Amino acid sequence: VEFMYTLQQGIQIKEISSVCRDSSGPKNDNIIDNLGTHKFYLNTVEGIKLECEVGAFLLSNSLSEEVMNSSLKCEAVETDCITVAGEVYPAHCVFPFNYKGKHFKACTDRTNSDKLWCPTEVDGTGEAVENSWGFCATSCPYCAGSAITRQDSSRPCGYDCLLNPFKKMVGYKEVNLLSPLMTIKGPKEGNYLGEAGGQHKLNIGIQDITIRCQTKFVDQALHDENEVIANCGPSQYRFTVKKTNGETVGSTFKNDQFGCDPCPLKTSYVKGFLSSSDFNSSGIFYNIESVLDCQNLCLESCNCNSFEFSKSDKRCNLIQNAIQKASFLSAYKDYVICTKNDTANPQEE
């Protein structure tokens with residue numbers, strides 16, 4: 001993918017002055033003169049629109065290529081399913097399609113692979129064209145298919161409900177959601193149909209599925225919870241959800257309502273990232289494995305009202321201020337800002 005990038009086009013710049021220190025501790029005399037982010041859009045030759053973002057840091061009047069390379073990220077804007085590997089990618093999946101006597105409305109299994117696939121081209125009869133296929137993104141739905149000669153209109157994909165922990169959940173455009181953990185609770189019941197590509201297939205019935213967030217659910221109906229029990233039904237493609245104490249929350253949940261907040265219970269997510277000149281740090285910790293570990297460090301501190309955490313960098317920055325608004329609205333890498341709820345008003349999701 002080719003693109004033009006200059007500091008003069010679209011970058012939000014803020015002047016600051018600070019001394020950088022790397023993760024091992026020794027001083028780095030490069031002074032950050034300016035920093036900012038730039039959002040832009042690209043179209044691939046396959047017609048997929050990508051939303052991209054890159055960070056720009058001027059270190060002692062020199063543009064940091066390291067920051068640009070580490071911060072550049074692009075993702076498909078469309079909610080349609082796309083391929084991410086295989087013979088043809090990235091490309092749009094073509095649905096519905098026929099393959100070896102079966103009719104499919106979504107991605108399906110591939111022999112000798114634990115990944116799902118889809119065609120990127122079909123012929124005039126709807127048959128998948130040989131060598132025009134790719135492996136589906138993990139957010140794509142699954143379909144077991146039905147015989148072309150006798151399609152099951154009530155269960156065209158062979159199930160009543162599907163749970164995909166990697167599905168794009170409600171709110172993903174506003175918040176960098178985490179994926180929930182979904183596991184079978186108790187013995188396998190007759191309505192549990194198994195897994196495909198990490199997705200649970202069920203018919204309406206009594207099988208319990210435990211859905212758990214390391215942090216908390218972002219959906220308002222579940223916002224005070226980090227673990228619930230779900231059953232398929234009583235309607236097709238809908239779930240009855242209960243708290244762990246057995247209290248029913250609702251019976252019309254969709255499978256895209258189980259996204260996990262990037263911040264733990266008793267904290268609120270603040271969108272964006274911070275300039276070091278906009279807060280006072282109570283200490284920076286490295287080799288921190290999870291946002292919960294970072295929260296615990298904040299709770300143990302006598303002067304911490306917010307914290308900034310990166311899972312990829314394993315970095316936890318304890319902040320004295322109760323951050324309510326970030327320096328920049330765009331995110332930097334996978335850094336998240338969390339503010340304790342007893343020190344600030346909850347942020348809107």
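User: Which residues of helix 2 are buried?

Analyst: Start with the terms. Buried means under 20% relative accessible area, exposed over 50%, and partly exposed in between, with a 1.4 Å probe and protein chains only. Helices (H or I, at least four residues) and strands (E, at least two) are DSSP runs, numbered from the N terminus. In helix 2 (residues 291–300), the buried residues are V291, C294, Q295, L297 and C298. This is a predicted model: local features need pLDDT of at least 70, side-chain atom pairs count only at pLDDT 80 or more, and totals for chains, interfaces and linings use all residues. Residues are numbered from 1 along each chain as its sequence is written, and side-chain values use heavy atoms, leaving out hydrogens and water.

User: What covers the buried residues of helix 2?

Analyst: The cover includes strand 22 (267–270), strand 23 (281–286) and strand 24 (306–310). Strand 25 (315–319) and strand 26 (336–340) are also among the covering elements.

User: Which residues touch the most other members of the largest nonpolar core?

Analyst: A nonpolar core is a set of buried Ala, Val, Leu, Ile, Met, Phe, Trp, Tyr and Cys residues joined through side-chain atoms within 4.5 Å. The largest one has 36 residues, and I211, F239, V241 and F258 touch the most other members. Helix 2 gives the largest share of this core, four residues.

User: How is a pair of aromatic rings described?

Analyst: By the distance of the centres and the angle of the planes. Rings of Phe, Tyr and Trp (its six-membered ring) pair if their centres lie within 6.5 Å; planes under 30 degrees apart count as stacked, over 60 as edge-to-face and the rest as tilted. The whole structure holds ten aromatic pairs. One of them, F253 with F258, is stacked, at 6.3 Å centre to centre and 20° between the planes. Both F253 and F258 are buried.

User: Where is N255 found?

Analyst: N255 sits in the loop between strand 21 (248–253) and strand 22. N255 is buried, with a relative accessible area of 19%.

Key. Contact = heavy atoms within 4.5 Å.
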